[in-house]
Amino acid sequence: MRRFTLLATLISSFLVSAFSQDPVASWPLDGDAMAEVGDDGTLHGAVPATDRYNNPTGALAFDGIDDYVRLPDSVFYQKKPFTISIWFKTTNEGGIMGYSSGPPTNISANHVGQLYIGNSGALHGKYWDNVTDPINGPVVNDGQWHQVVLTRDIQGQDLYLDGTYVGSRSAATFDLNMARSYIGTALTDNWIDSPDGFFYFEGCLDDLNMYNEYLTQEDVTDLYQREIIGIVVQDSFCIYCDASNTSVGFNALSPERGYGNTVIGAFAGHNSSGTGNVFMGHKVGAQSDVSNQLMIGNGEFSPLVLGDFEARTFGVDGEIITREITVDYDNWPDYVFSPNYELLSLRELEKFLDENHHLPGVPSQDEIHADGINLGEMDATLLQKIEELTLYMIELRKENEDLKIQHQEMQGRYHEMEERLRKLEE
Ligand SMILES: [Ca+2]
């Protein structure tokens with residue numbers, strides 16, 4: 001019997017997303033301004049704070065008075081395409097990022113309020129494109145962590161909040177002579193919804209990442225989903241988690257994926273678009289579009305273990321070795337001993353056996369070959385046959401006792417006649 005059918009097709013090339021997800025500069029802001037990729041920033045007064053995963057020193061808190069971090073010079077200066085991503089949390093206002101030609105004491109320098117929370121609590125920001133109208137977002141000073149992404153290509157730029165598109169500007173961006181950049185402050189002279197002078201941020205900042213790429217909506221959503229749960233994706237999709245899918249392994253569950261999947265193993269679930277699957281092992285479930293399946297194996301086809309969460313079935317393509325098996329079964333044949341049970345006569349049974357070559361109610365060789373043996377059902381059937389056999393034996397015992405009585409009666413008569421004959425002969 002084989003019930004293992006794996007829907008799978010083979011393709012020869014493994015596709016990867018256009019977005020490499022490898023930042024060209026990265027500051028985890030774990031209580032300091034040290035870089036994970038690129039050069040360290042310089043801390044000016046900001047202190048360790050709890051991040052969005054409850055790590056008590058995983059972020060940086062800024063006082064809104066004079067705290068800021070100076071980033072390495074020219075970290076994104078004149079670079080296109082380019083993307084900046086940073087997390088913030090505030091109940092107040094202030095500059096998340098800014099860049100300028102002079103130090104943050106020189107108000108007369110060229111300057112841009114690159115990302116800031118305005119007096120109204122709304123998000124604003126952009127790269128410089130020759131006017132001071134920023135891209136304007138919603139109110140965000142709700143005390144929750146948010147991710148903001150500002151991405152530009154050769155021409156325009158787009159702003160995203162928590163993976164969702166906020167707005168764009170289509171004019172070409174350029175950075176004049178503004179090679180200095182900061183987080184925790186921005187010079188916002190003449191910018192809307194903000195004071196003149198330096199606008200210091202009051203709240204927490206975390207995970208500043210920069211990419212030498214322009215990000216699409218799909219890329220930004222991807223980035224947000226990966227960062228919100230705190231998994232850093234490295235080495236081409238080795239670890240992937242979002243609110244729905246979890247996968248560990250090189251190219252596991254990528255680039256195609258559905259939702260509600262849990263996958264472990266290199267290429268496990270690779271290019272699989274199904275939902276609700278649990279795949280374990282090298283290439284298990286790759287290229288398939290199955291859903292609600294449990295597969296454990298080694299290789300793309302014929303998993304050793306195959307379960308179906310919807311049909312509630314569980315199969316092992318091989319021998320099962322165990323100490324005990326309990327089968328849940330609810331049609332045990334006690335009914336054989338009820339007075340209404342129609343037991344075939346032995347003569348009828350003999351006729352049936354002559355015609356069918358197997359006991360009534362017991363599957364034939366052909367049926368077993370086609371469907372396999374249902375352990376619970378077969379045990380019940382065998383018991384039913386034993387019970388019927390018991391009934392036949394009881395019946396035979398009764399017939400036997402009747403015969404004994406008849407035999408004794410006949411013996412009595414025989415002795416009586418023998419006695420009579422003896423008397424006649426005397
Ligand atoms: Ca951090």
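The mean pLDDT of the protein is 90, where pLDDT is the predictor's confidence in each residue, from 0 to 100. A value of 70 or more is reached by 92% of the residues. Over residues 1-17, the pLDDT is below 50. This stretch has 27 contacts in the model beyond near neighbours in sequence. Two residues are in contact if their C-beta atoms, placed from the backbone, lie within 7 Å. The model is predicted, so local features need pLDDT of at least 70 and side-chain atom pairs count only at pLDDT 80 or more, while totals for chains, interfaces and linings use all residues. Residues are numbered from 1 along each chain as its sequence is written.

The overall shape comes next. A compact globule of 426 residues would have a radius of gyration near 22 Å, but the protein has 40 Å. The radius is taken over C-alpha atoms, and the globule rule is 2.2 Å times the number of residues to the power 0.38. Along the principal axes, the C-alpha atoms fill a box of roughly 160 × 45 × 30 Å. The secondary structure comes to four helices and 24 strands. These are DSSP runs numbered from the N terminus, with at least four residues for helices (H or I) and at least two for strands (E).

Buried residues make up 33% of the 426 residues. A residue is buried if 20 or more other C-beta atoms lie within 10 Å of its own, exposed if 12 or fewer, and partly exposed in between; C-beta atoms are placed from the backbone. In soluble globular proteins, nonpolar side chains tend to be buried together. The largest nonpolar core holds 50 residues. Such a core is a set of buried Ala, Val, Leu, Ile, Met, Phe, Trp, Tyr and Cys residues joined through C-beta atoms within 7 Å. Leu60, Phe62, Ile86, Ile96, Val148, Ile183 and Leu205 touch the most other members. Beyond its neighbours within four places in sequence, Leu205 contacts residues including Leu29, Trp87, Phe88 and Gly184. Apart from this core lies another, of 14 residues, among them Ala252, Val278, Leu294 and Leu306.

Leu29 lies in the loop between strand S1 (25-27) and S2. Leu29 is buried, with 27 other C-beta atoms within 10 Å. Its phi is near 55°, a positive value in a residue other than glycine. Most residues other than glycine have a negative phi, and most peptide bonds are trans. A cis peptide bond joins Lys80 and Pro81, with omega about -5°. Pro81 lies in the loop between strand S5 (68-70) and S6.

Seven strands form an open sheet in the order S2-S5-S14-S7-S8-S9-S10, with antiparallel pairing. Two strands pair if DSSP finds at least two bridges between them. Strand S2 (42-44) and strand S10 (135-139) stand at the edges, each with a single partner strand, so one side of each is left without a neighbour in the sheet. Three bridges join strand S9 (residues 122-125) to S10. Ala122 has Val139 as its bridge partner in S10.

Strand S11 (residues 146-152) is largely enclosed by the rest of the structure, because seven of its seven residues are buried. His146, Val148, Leu150 and Arg152 cover one side, and Gln147, Val149 and Thr151 the other. Strand S6 (residues 82-89) runs antiparallel to S11 and is joined to it by seven bridges. Here Trp87 is the bridge partner of Gln147. Five bridges join S11 to strand S12 (residues 157-161), also antiparallel. S11 and S12 form a hairpin with four residues between them. Arg152 stands opposite Gln157 in S12.

Another open sheet of seven strands has the order S18-S19-S20-S21-S22-S23-S24, with mixed pairing. Strand S18 (239-241) and S24 stand at the edges, each with a single partner strand, so one side of each lacks a neighbour in the sheet. Strand S21 (residues 278-280) and strand S22 (residues 293-296) pair in the parallel sense over three bridges. Met280 has Ile296 as its bridge partner in S22. Asn292, in the loop between S21 and S22, counts as partly exposed with 15 C-beta neighbours inside 10 Å.

Val327 lies in the loop between strand S24 (313-316) and helix H2 (346-356). With 11 C-beta neighbours inside 10 Å, Val327 counts as exposed. Val327 touches Leu375 and Gly376, not counting residues up to four places away in sequence.
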